[in-house]
Amino acid sequence: MMRIHRFILATSAIVAALFFGGAYWALDRVFDNIVRDNAARASESATRITFAAMYQLMSKGWSRSQADNFLRDVASAGADDSMQVQIYRGAAVEELYGIIAQPPLDDTLRQVLASGVAQRIDSDSEARHIYPLVADGRCLKCHDNVQQGTALGAIEVRQQYAGLLAEARKELLWAFALLLPIAGFFAGAAVWWVGRRIEQGVQQLQEEFEQVDAVADLKALAVAERDFGFVELNRIDAALRDLLAKLRNIAVDKDILSFEIGLLEKFVITAEVVRDWRDYVSRLLIDINTILPAHTLFSIFKIDEEMFDLEVFWYGPATFETRQRMEEYIRHSLHEADNFSEGRLFAIHHHIADTQAPPVVLTDDEVALRVKSFFVDKPKIGGIVGIGVQAGVLDDETRYLVVESVLSTLLNVVGSVKAIYKYTRDLEYYATRDPLTDLFNQRVFWELSTYEIGRAQRHGYSFGVLLIDLDNFKLINDNYGHSAGDSYLQRLARQVQSALREGDILARYGGDEFVAVLPEAGLETVVLVAQRVRAAIERLDVTMGEGVHLRGTASVGLAVYPEHADNAKDLLMFADNMMYRAKAAGKDQVAIPTADDVVDIFRDLSQKSQMVMDAIEQKRVVPYFQPILDVGGKRIAAYEVLSRIDLAGQMIRADEFVELAEKMGVIHRLDLLVLERALKSLQAQGHRGEIFVNLSPRALVLNEFSREIRRIVAEHEVAPERIVFEITERDTVKNLALLEQFLIDLKADGFKLAIDDFGSGFSSFHYLRRFPIDYLKIEGDFIANMLSSDKDRTFVTSIRSLAREMGIAVVAEYVESAEVLAELEKMDTHLAQGYYIGRPAAQILPEAWSAPGGN
C-alpha cells in the first residue's frame with residue numbers, strides 16, 4: 001500500500017512532466033508556425049521588391065548586360081544569407097531576348113509559368129515561394145509576342161529557417177531547464193505540507209482508535225474536532241466523529257454477546273435441572289458474574305391469592321442488613337406492580353451460589369438503583385410472577401439490554417423448571433399415594449408386599465395381609481353424594497391407621513377396598529389386628545351437615561405367609577376369598593381361615609385356571625368394546641378392546657382371569673386371540689377409527705408375539721396406524737431394554753402406543769421416559785374425584801401439562817358424568833372414556849355421539 005504523501009508526490013511529478021512536456025510541445029509548435037509564417041511573409045515581400053526593382057529597370061529600357069547583371073546580383077545577394085532569390089525567364093521572353101544562364105526549371109516552376117498562379121511550398125527546413133511575373137498592359141509595349149496575363153517569368157524565393165527553429169528550441173530548453181527545479185521545489189514543499197497535515201491527523205486518529213479493545217473503550221473514546229486545513233478533510237473528520245457516536249449506540253461487546261449466547265445455551269431443561277433447580281439457578285448466577293458483577297438473582301412465585309414464594313440467590317454470603325434491604329425492595333417493587341396489592345405474605349428462601357466469594361454488602365442506593373426487575377401481570381407457568389437481578393454495571397445500554405433479554409428468557413425458564421419440578425414432585429408423590437386418603441396406593445402395596453416376602457424368607461418369619469372391604473358403601477354415595485363418601489373414606493383411613501400396629505402398612509387398593517401388610521405377625525396376631533380394625537370401623541361416626549351421621553361396617557379377609565400362599569398375588573387372592581366368605585356370612589366380621597378353607601380356595605383357583613385354559617383352547621374369549629370420545633368433536637373416535645370369557649352364557653370380566661393368565665404364562669395367547677376376534681368384529685361393524693388394545697408387557701417380550709401381531713393385523717387389512725397398544729403395569733418387566741426394542745419396532749411399523757392407568761405407579765414414568773408414547777390414559781380415580789378433590793384436579797392438570805409439553809395426547813378414564821366431561825373439555829383434554837360415554841358392549845355405537853338422556 002502506497003503512503004498518501006508518496007502518492008501525492010508521484011502524482012505531482014507525473015502531472016508536472018505532462019505539463020512541461022505539453023508546454024514544450026505546444027511552444028515548439030507555436031515557434032515553428034511563427035517562423036514559417038514570417039518566412040512566407042519575408043519571401044513574399046522579397047518577391048514584390050524584386051519585381052518592383054525589375055519593373056523600374058525595364059521601364060527605363062535596360063540593356064542585356066544590365067539585365068544579366070541584375071539577375072546575377074539578385075541570385076548572389078542571399079548566397080550567404082538564409083534567403084535566396086532567383087529570377088527565371090519564361091519562354092516568351094527567351095523568344096525575344098534569348099536564353100540566359102539560369103537553374104533548370106522543375107515541375108513546380110513550369111506549372112507556375114504555365115498557369116500564372118503563385119505557389120508556396122514549405123518543408124522542414126525552408127519555405128519556397130514562386131511568384132509569376134504576369135504581363136499587364138505596360139508590358140505589352142516591349143513584349144508584343146504575349147498577351148495580357150501571360151507569365152513572362154517567375155521569381156523564386158527560398159527562406160531557410162531550420163537554423164532559426166533549432167535556435168528557438170535551444171532557447172526554450174534552457175528556459176524549461178531553469179523553471180523545472182523551481183517548480184519542483186515549490187511542488188515538493190506543497191506536497192510535504194499537505195502530507196504532513198494529513199499524516200498528523202491520521203496518526204492522532206490511529207493512536208486514539210488503537211486504544212479501543214472493547215465496547216467500553218469505544219464508549220470512553222473522545223475524538224477532538226480538528227482543522228486539517230482542507231474543507232474535504234474536515235468533512236471526513238466530522239463524518240468519522242458522527243460514525244463514532246452511532247457506533248457507541250449500536251456496538252455490542254463480543255464478550256457480552258458470547259456470554260448471552262453461552263447463557264442461552266444453558267437454558268435447556270433436563271431431568272437434572274428439574275431435580276436440582278436451585279443449584280441450576282445458582283450456577284446461572286455464577287455464569288452471569290463472569291461478564292457482569294451481579295450480586296443477586298431472585299424469583300417470585302405466586303402460591304395462592306395471599307402467599308408468595310421468594311427465592312433469593314446470592315453470589316456470595318450476604319450480610320443480614322443486605323438481605324433485609326433486598327427483601328424490602330422486592331416487596332415494594334411487587335406492590336407497585338399492576339394487579340398486586342399490599343398485605344401479601346412471603347415465604348422467603350435465601351441461597352448462596354459461591355460460599356467462597358467475598359461477602360455481599362449493599363447500601364439502600366445500590367439496591368434501589370442497580371436492581372433490574374421484570375414482573376408480569378398474571379402468573380406464568382409454575383406460578384412465577386417476577387424475576388430480577390442486582391447488577392453493578394447497568395449504565396451501559398448494551399449490557400442493560402442483554403440483562404433485560406436474559407431476564408425475560410430466564411423468567412420462562414425458571415418458571416418452567418419450577419413448574420416441572422412441582423409437577424414431577426406431585427407425580428412422584430401421587431405415583432405412590434392415593435390422592436383422596438393420602439394412603440399408599442395399590443402399586444406400592446404390591447411392591448411392599450413383594451419386598452416383605454423376600455424379607456420374611458431371609459429371616460424365617462411370617463407376616464399377614466388384610467383385605468378390608470366396606471359393607472354397602474354404595475348407599476352412602478347414592479344417598480348423600482360422592483363428596484360425603486369421600487369425606488367418610490378420608491376419616492376411615494385415619495381410623496383404620498390408628499387401629500394398626502406401629503410399622504404396619506396400610507394402602508387403598510381401590511374404591512372402598514383397603515389392604516394392610518402386617519410384618520412379623522403369625523395367624524393369632526393377624527386375627528387380633530383384623531378384629532381391632534373391624535371394631536374401629538364400626539365405631540366410626542362421621543357427622544355431616546344438618547345432623548347427618550355416616551356410619552358403616554366392613555368385612556375383613558386375611559391371609560398369612562407362608563401358611564396360605566408363598567407369593568404376593570396368591571396371598572391377596574386368598575385374603576380376597578376370605579373377605580367374600582365374611583360377606584356371605586353376614587358382613588361386619590373377620591373371616592378366619594381354617595385348613596378346609598385353604599383347600600377350598602386353592603381348589604377354586606385350580607378351577608379358574610382350568611376355565612382360562614379351556615376358554616383359550618375353545619376360543620370362548622369374547623371381545624367387548626368401550627367407546628372413546630373425541631371431546632372437542634363429540635364423536636366416537638376409537639374403541640378400547642376388553643376381553644370376556646363366555647362361561648355357559650355368563651360373561652366373566654377380565655379382572656377375574658387376566659392376572660391368573662399372566663401367572664399361568666398364557667397371557668400372550670389370550671391377547672392374540674382377543675386381538676384377532678376384535679379386529680374381525682370391528683371390521684364387520686364398519687368401525688374406521690383407532691382401536692386401543694391392552695397388551696401385557698410380559699407378553700410383549702416374547703419373540704413370536706411380534707410376528708403374530710403383524711400377521712393378524714395384515715390378515716384383517718387394518719392399517720397399523722389405527723392400532724394403539726396399551727401398556728399396563730400388571731406385571732413388572734425386568735428386561736426393560738428388551739421391551740423398549742420391541743415397542744420401538746412396533747412404532748417403526750406404524751403402530752401407536754399408550755400408557756394405561758398413568759400415574760398409578762412408578763413404571764409408568766419409566767415407560768414415558770424410554771418409550772415413544774402417543775397417548776397417556778390418566779388413572780380413572782383421579783378423573784372420578786377431580787371435581788371434589790383439589791389434589792385429584794391438580795394431578796390431572798399436571799399430567800395434562802406434562803403431556804402437552806411432550807406432544808402426547810391424553811385419554812381421561814372413568815368419565816361418569818356430564819359435569820366431569822364438561823370440565824375435561826375446559827381443560828382441553830383430547831379424549832374421554834367412561835360409563836357416561838358408553839359401557840363396554842359387543843356392539844359399537846354410532847360415530848355421532850349423543851349424551852345419555854338426550855343431553
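Contact here means heavy atoms within 4.5 Å. By this criterion, and leaving aside neighbours within four places in sequence, threonine 437 is in contact with Leu489, Gln490, Ala493, Arg508 and Phe514. The model examined is a predicted one. Threonine 437 lies in a loop, between α13 (397-432) and α14 (442-459). Its relative accessibility is 12%. Buried means under 20%, so threonine 437 counts as buried. The side chain of threonine 437 also makes a polar contact, at 2.6 Å, with the side chain of aspartate 434.

The chain as a whole gives the setting for such details. The protein chain holds 28 helices and 25 strands. It has 855 residues, and buried residues make up 46% of them. Among contacts with a separation of 6 or more, 68% join residues 24 or more positions apart. The accessible surface of the protein chain comes to about 42900 Å². Carbon and sulfur atoms supply 54% of that area.

Just after α4 comes glycine 116, which takes a positive phi of about 75 degrees.

A nonpolar patch was found on the surface. Leu27, Val30, Phe31 and Ile34 form this patch. Together they have about 280 Å² of accessible area. One member, isoleucine 34, lies in helix α1, which covers residues 4-59. Its relative accessible area is 40%. Exposed means over 50% and buried under 20%, with partly exposed in between, so isoleucine 34 is partly exposed.

Backbone geometry was then considered. The peptide bond from tyrosine 561 to proline 562 is cis, with omega near 0 degrees. Proline 562 lies in the loop between β15 (553-561) and α18 (568-584). The loop between α18 and β16 (590-591) contains lysine 587. Lysine 587 has a positive phi of about 70 degrees, although this residue is not a glycine. With a relative accessible area of 31%, lysine 587 is partly exposed.

Tyrosine 814 likewise is not a glycine, yet has a positive phi, here of about 60 degrees. The place of tyrosine 814 is in the loop between β24 (809-812) and α28 (818-826). Tyrosine 814 counts as partly exposed, at 42% relative accessibility.

Methods:
Residues are numbered from 1 along each chain as its sequence is written. This is a predicted model: local features need pLDDT of at least 70, side-chain atom pairs count only at pLDDT 80 or more; totals for chains, interfaces and linings use all residues. Side-chain values use heavy atoms; hydrogens and water are left out. Helices (H or I, at least four residues) and strands (E, at least two) are DSSP runs, numbered from the N terminus. Buried means under 20% relative accessible area, exposed over 50%, partly exposed in between (1.4 Å probe, protein chains only). A polar contact is a pair of N or O atoms within 3.5 Å; within protein, one must be able to donate a hydrogen and the other to accept it, and residues adjacent in sequence count only if both atoms are side-chain atoms. Patches are made of residues with over 30% relative accessible area and no salt bridge: like charges are joined within 9 Å, nonpolar side chains (Val, Leu, Ile, Met, Phe, Trp, Tyr) within 5 Å. Accessible areas come from the Shrake-Rupley method with a 1.4 Å probe; for residues, only the protein chains shown count as cover. A salt bridge is a side-chain nitrogen of Lys or Arg within 4 Å of a carboxyl oxygen of Asp or Glu.
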